[in-house]
Amino acid sequence: MKVIVIGGGPAGMMAGICAKQNGNQVILLEKMKSIRKKIVNNRKRKM
């Protein structure tokens, strides 16, 4: 099965990982250039 995950935040990445572990083909769509930067930026906003 093909799975498209929209959003590369923590929930989107976890959904993609779980789908891949279950044998699915995963496409992760994210508007930012780097997923890592999105997570780091979210942490800074909460502090």
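Is Asn-24 buried or exposed in this predicted model? Asn-24 is buried, with a relative accessible area of 15%, where buried means under 20% relative accessible area, exposed over 50% and partly exposed in between (1.4 Å probe, protein chains only).

Residues are numbered from 1 along each chain as its sequence is written. The model is predicted, so local features need pLDDT of at least 70 and side-chain atom pairs count only at pLDDT 80 or more, while totals for chains, interfaces and linings use all residues; side-chain values use heavy atoms, with hydrogens and water left out.

**View 1. Overview of the chain and its confidence.** The chain holds two helices and two strands, which follow the order β-α-β-α from the N terminus on; helices (H or I, at least four residues) and strands (E, at least two) are DSSP runs, numbered from the N terminus. The mean pLDDT, the predictor's confidence in each residue from 0 to 100, is 83 for the chain, and 74% of the residues score at least 70. Among the elements, β1 has the highest mean pLDDT (97), whereas helix α2 (residues 35–46) has the lowest (59). Where pLDDT is low, the predicted coordinates should not be read in detail. Of the 47 residues of the chain, 17% count as buried.

**View 2. Surroundings of Asn-24.** Asn-24 is found in the loop between α1 (10–21) and β2. When residues up to four places away in sequence are not counted, Asn-24 touches Met-1, Val-3 and Ala-19, a contact being heavy atoms within 4.5 Å. A polar atom of the Asn-24 side chain lies 2.9 Å from the backbone oxygen of Ala-19.

**View 3. Nonpolar patch on β1 and β2.** Ile-4, Ile-6, Ile-27 and Leu-29 make a nonpolar surface patch of about 410 Å², to which β1 (2–6) and β2 (25–29) are the elements that give two or more residues. Leu-29, in strand β2, is partly exposed, with a relative accessible area of 42%.

**View 4. Met-13 and Leu-28.** Met-13, found in helix α1, counts as partly exposed at 26% relative accessibility. Met-13 and Leu-28 are 15 residues apart in sequence, and their C-alpha atoms are 7.8 Å apart in space.

Conventions
Patches are made of residues with over 30% relative accessible area and no salt bridge: like charges are joined within 9 Å, nonpolar side chains (Val, Leu, Ile, Met, Phe, Trp, Tyr) within 5 Å. Accessible areas come from the Shrake-Rupley method with a 1.4 Å probe; for residues, only the protein chains shown count as cover. A salt bridge is a side-chain nitrogen of Lys or Arg within 4 Å of a carboxyl oxygen of Asp or Glu. A polar contact is a pair of N or O atoms within 3.5 Å; within protein, one must be able to donate a hydrogen and the other to accept it, and residues adjacent in sequence count only if both atoms are side-chain atoms.
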